[in-house]
Amino acid sequence: VVVEHFTGGIATVALFTAMMDVCDPKQGGTEYTVQASAVVLVQFAGSVLSGVSAQALGYGWHFVVVGVVSAIGVAAMAAGFSRQPRFVSRDSL
């Protein structure tokens with residue numbers, strides 16, 4: 001439980017940092033709120049689908065499917081991030 005909470009916290013910080021990075025500084029509050037709301041909706045949908053999947057497939061196959069889907073999601077995220085850091089100068093704000 002401790003390891004899961006620790007790694008979940010790290011992932012949450014990384015996700016929220018990435019969300020802040022893509023927000024326009026002039027309307028960042030709105031953009032960030034929309035993104036955070038999308039995260040909550042996707043987590044809810046994932047929870048519902050996870051229960052349905054586990055019941056239909058059994059836990060063993062459920063974890064196989066979820067592992068494959070997660071790996072695809074990580075690969076897609078890695079491909080979507082640029083390798084160059086994005087810096088915003090104070091002059092552009």
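Contact here means heavy atoms within 4.5 Å. The model is predicted.

**Exercise 1. The fold**

Find the secondary-structure pattern of the protein chain, and state what share of its residues counts as buried.

Solution. 
- Step 1. Count the elements: the protein chain has three helices and zero strands.
- Step 2. Read along the sequence. The pattern is α-α-α.
- Step 3. Turn to burial. The chain has 93 residues, and 9% of them count as buried.

**Exercise 2. Helix H1 against helix H2**

Describe how H1 and H2 cross, and list the residues that meet.

Solution. 
- Step 1. Two packed helices are described by the angle between their axes and the distance between the axes.
- Step 2. Locate the helices. H1 covers residues 2-21 and H2 covers residues 28-57.
- Step 3. Take the geometry. The two axes come within 9 Å and cross at roughly 145°. The crossing is right-handed.
- Step 4. List the contact. H1 brings Leu-15, Phe-16, Met-19 and Met-20. H2 brings Tyr-32, Gln-35, Ala-36 and Val-39.
- Step 5. Sort these residues. Seven are nonpolar, one is polar and none is charged.

**Exercise 3. Ser-53**

Is Ser-53 buried or exposed, and which residues does Ser-53 contact beyond its neighbours within four places in sequence?

Solution. 
- Step 1. Ser-53 lies in helix H2.
- Step 2. Apply the cut-off. Buried means under 20% relative accessible area. Ser-53 has 17%, so Ser-53 is buried.
- Step 3. Leave aside neighbours within four places in sequence. Ser-53 is then in contact with Gly-58 and His-62.
- Step 4. Check a spacing. Ser-53 and Val-65 are 12 residues apart in sequence, and their C-alpha atoms are 8.9 Å apart in space.

**Exercise 4. His-62**

Which side chains form polar contacts with the side chain of His-62, and which residues does His-62 touch, not counting those up to four places away in sequence?

Solution. 
- Step 1. His-62 sits in helix H3, residues 59-80.
- Step 2. The relative accessibility of His-62 is 5%, so His-62 counts as buried.
- Step 3. Find the polar contacts. The side chain of His-62 is joined to that of Ser-50 at 3.2 Å, and to that of Ser-53 at 3.0 Å.
- Step 4. List the touching residues. Not counting residues up to four places away in sequence, His-62 touches Ser-50, Ser-53, Ala-54 and Leu-57.

Key
Residues are numbered from 1 along each chain as its sequence is written. This is a predicted model: local features need pLDDT of at least 70, side-chain atom pairs count only at pLDDT 80 or more; totals for chains, interfaces and linings use all residues. Side-chain values use heavy atoms; hydrogens and water are left out. Helices (H or I, at least four residues) and strands (E, at least two) are DSSP runs, numbered from the N terminus. Buried means under 20% relative accessible area, exposed over 50%, partly exposed in between (1.4 Å probe, protein chains only). Axes are lines fitted to C-alpha atoms, for helices over the stretch in contact, and angles run from 0 to 180 degrees between N-to-C directions. A crossing is left-handed if the near helix is turned anticlockwise from the far one by less than a right angle, and right-handed if clockwise. Ala, Val, Leu, Ile, Met, Phe, Trp, Tyr, Cys and Pro count as nonpolar, Asp, Glu, Lys and Arg as charged, and the others, Gly among them, as polar. A polar contact is a pair of N or O atoms within 3.5 Å; within protein, one must be able to donate a hydrogen and the other to accept it, and residues adjacent in sequence count only if both atoms are side-chain atoms.
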